[in-house]
Structure formats: C-alpha cells, structure tokens
Amino acid sequence: MRSIEQNLENFKQAGIHPVAISVDSPETSRDLSQDQGYTFPILSDPGAEVARRYDLVHVGAGANGGNIARPAEFLIDTTGTVRWLNLTDNYWVRARPEEILEVAQSLK
Amino acid sequence: MNVRRINWPLWVGFLLTLAAFMTYVSVFVYFPVTRDFPWANLLIFAVAAVFLIMGLRRGFASDRPRPTRSKVVASIVSVLSVAVFGFFIFVFFIGGRSLPASDRAPQVGERAPEFSLPDTTGKQVSLTHLLSTPVNGLAPKGVLLIFYRGYW
C-alpha cells in the first residue's frame with residue numbers, strides 16, 4: 001500500500017483508481033490512512049462479505065480468530081473484467097507497482 | 001570489572017540475533033528488495049552466528065575465571081539465539097505461506113464481482129461507480145483493487 005501511494009500519480013496518469021479493502025472499520029482505516037499518509041480510498045468490509053465473493057477469505061486469521069482477506073490485487077478494466085491479478089503465496093511478498101503499471105498502460 | 005571476564009562476542013552475537021529478527025518488520029519490510037526475500041536479515045543472522053561461535057569458544061575456554069558459569073551462560077545464550085533464528089525462519093517462510101488457495105478467485109478475462117462498501121468517511125463506494133468516475137479529469141481506464149489483511 002505504501003508503494004501504491006508512492007506511485008499514486010503514475011496510477012492516476014494511467015487512468016487507474018487504486019482502492020484498498022480490508023475488514024477494518026472505517027474509523028480504523030481512517031487512522032491507518034492518517035498515520036501512513038494514504039490518500040487513495042480505503043473501503044471497509046467488516047464481515048469479509050466482498051472478500052468471500054472474490055474467494056479471498058482467510059478463515060480465523062484475524063484478531064480474536066475473525067475472518068480476514070488474504071492479500072490480493074486485481075486490475076479491473078472499465079467493462080468490469082479482470083485484466084491482471086496477483087495472489088501472493090507468501091504474505092510478506094507483494095506485487096511491485098511497476099508490474100501493475102505496465103499492465104495498466106495497456107488498458108484502453 | 002575485568003574486560004577478560006566479559007564474554008563480549010557472545011553478547012554481541014545475541015544482540016545481533018535480536019536485531020536481525022526485529023529489523024525485518026521495523027526497517028526492511030519497507031523496501032521491496034529486502035522485503036520479498038529477507039537478504040538483509042539473513043546476513044545479520046550470519047554475522048551474529050560468527051560472534052556466537054566466537055563467544056561459545058570463549059565461554060568454553062580453559063582460562064575462564066568461573067568455568068562452569070561461563071559454559072552455562074554461553075550455552076543458554078547460544079540456544080536462545082538459535083531459537084530466535086528458527087522463529088524468524090518459521091514466521092517468514094512457513095507462517096507467510098499459510099494462505100488460503102483462493103481457487104475460485106476471479107481470473108483474467110472473468111468478471112470482477114460487484115461490491116458497494118463504505119469508505120473512511122462512511123460514504124458508499126461501488127465498483128460500478130469507480131469504473132465511471134473520472135481520474136484527473138479524464139475517463140478512467142480501470143480500478144486497482146487491493147485486498148489487505150487489516151491493521152487491527
């Protein structure tokens with residue numbers, strides 16, 4: 001997310017809206033945004049309902065055994081079609097922004 | 001306190017081991033090169049190991065003023081250091097990989113499921129809406145959706 005914020009201008013120039021989603025409440029996400037200086041939207045999916053639709057639920061991995069989303073990134077074009085995705089197999093390893101921007105440049 | 005009595009390589013090794021463990025999350029995770037594979041941390045662990053081996057040899061040397069205590073301390077500190085290293089390997093290489101398979105996640109060419117969720121101000125934001133919201137005053141080309149584990 002830090003690397004997305006650092007490249008936010010590049011994403012915007014490519015016509016891309018970066019949007020983050022987690023199970024955190026809007027208040028917690030707001031604190032995170034303020035602490036880290038994130039300026040893109042962070043959406044709140046407290047019941048992991050949207051994570052379930054994307055088959056990303058990591059059962060019992062949250063605080064107090066709650067369900068959370070596993071890390072994942074999707075690039076979606078204006079027709080609502082997935083054009084690129086990254087399902088990391090190690091949560092310490094994340095997609096690099098350069099890789100995403102390269103695909104983003106090819107979107108019409 | 002006589003300098004000869006302090007097993008300094010042992011303690012330097014132990015402190016470096018703790019530093020190698022803690023600096024991943026506090027420092028190196030912020031740089032993709034040292035985050036995606038913990039080179040920097042493994043290097044610090046390796047340097048720590050050199051000091052610990054020196055410390056063990058010193059602890060078991062025959063000229064120690066209190067030989068039994070020296071051996072016990074060197075042994076305990078070394079075992080603790082190995083445990084810290086083992087825990088680091090576990091957290092990164094095994095803990096990090098315990099993720100669901102997500103076999104039914106939408107693939108390239110498939111439709112992204114619609115959603116409508118509140119943002120940090122409580123305003124509802126939907127995928128459809130984002131896909132028609134201008135970026136820098138121009139027609140958008142897409143949305144980058146980032147699911148993350150949460151801040152707790």
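**A strand of chain B between two strands of chain A**

Strand β5 (residues 72-77) of chain A pairs with β3(B) in the antiparallel sense, over 6 bridges. This is a predicted model. Within this pairing, F74(A) has L145(B) of β3(B) as its bridge partner.

β3(B) also pairs with another strand of chain A. Strand β1 (residues 16-22) of chain A is joined to β3(B) by 6 bridges, and these two strands run parallel. Here H17(A) stands opposite V143(B).

Is β3(B) buried or exposed? A residue counts as buried if 20 or more other C-beta atoms lie within 10 Å of its own. In β3(B), 6 of the 6 residues are buried, so the strand is largely enclosed by the rest of the structure.

Now look at its two faces. In a regular strand the side chains alternate between the two faces of the sheet. On one side of β3(B) sit G142(B), L144(B) and I146(B). On the other sit V143(B), L145(B) and F147(B). Both faces are covered, and these residues are all buried.

Step back to the whole contact between the chains. Chain B brings 48 residues to the contact, and chain A brings 67 residues. Which elements of chain B each supply at least two residues of the side that touches chain A? They are α2 (32-36), β1 (116-118), α5 (127-130) and β3 (142-147). β3(B) gives the most, with 6 residues. By type, the side of chain B that touches chain A divides into 28 nonpolar, 10 polar and 10 charged residues.

Definitions and conventions. Residues are numbered from 1 along each chain as its sequence is written. Chains are lettered from A and ligands numbered from 1 in the order in which they are written. This is a predicted model: local features need pLDDT of at least 70, side-chain atom pairs count only at pLDDT 80 or more; totals for chains, interfaces and linings use all residues. Two residues are in contact if their C-beta atoms, placed from the backbone, lie within 7 Å. Helices (H or I, at least four residues) and strands (E, at least two) are DSSP runs, numbered from the N terminus. Ala, Val, Leu, Ile, Met, Phe, Trp, Tyr, Cys and Pro count as nonpolar, Asp, Glu, Lys and Arg as charged, and the others, Gly among them, as polar. Two strands pair if DSSP finds at least two bridges between them. A residue is buried if 20 or more other C-beta atoms lie within 10 Å of its own, exposed if 12 or fewer, and partly exposed in between; C-beta atoms are placed from the backbone.
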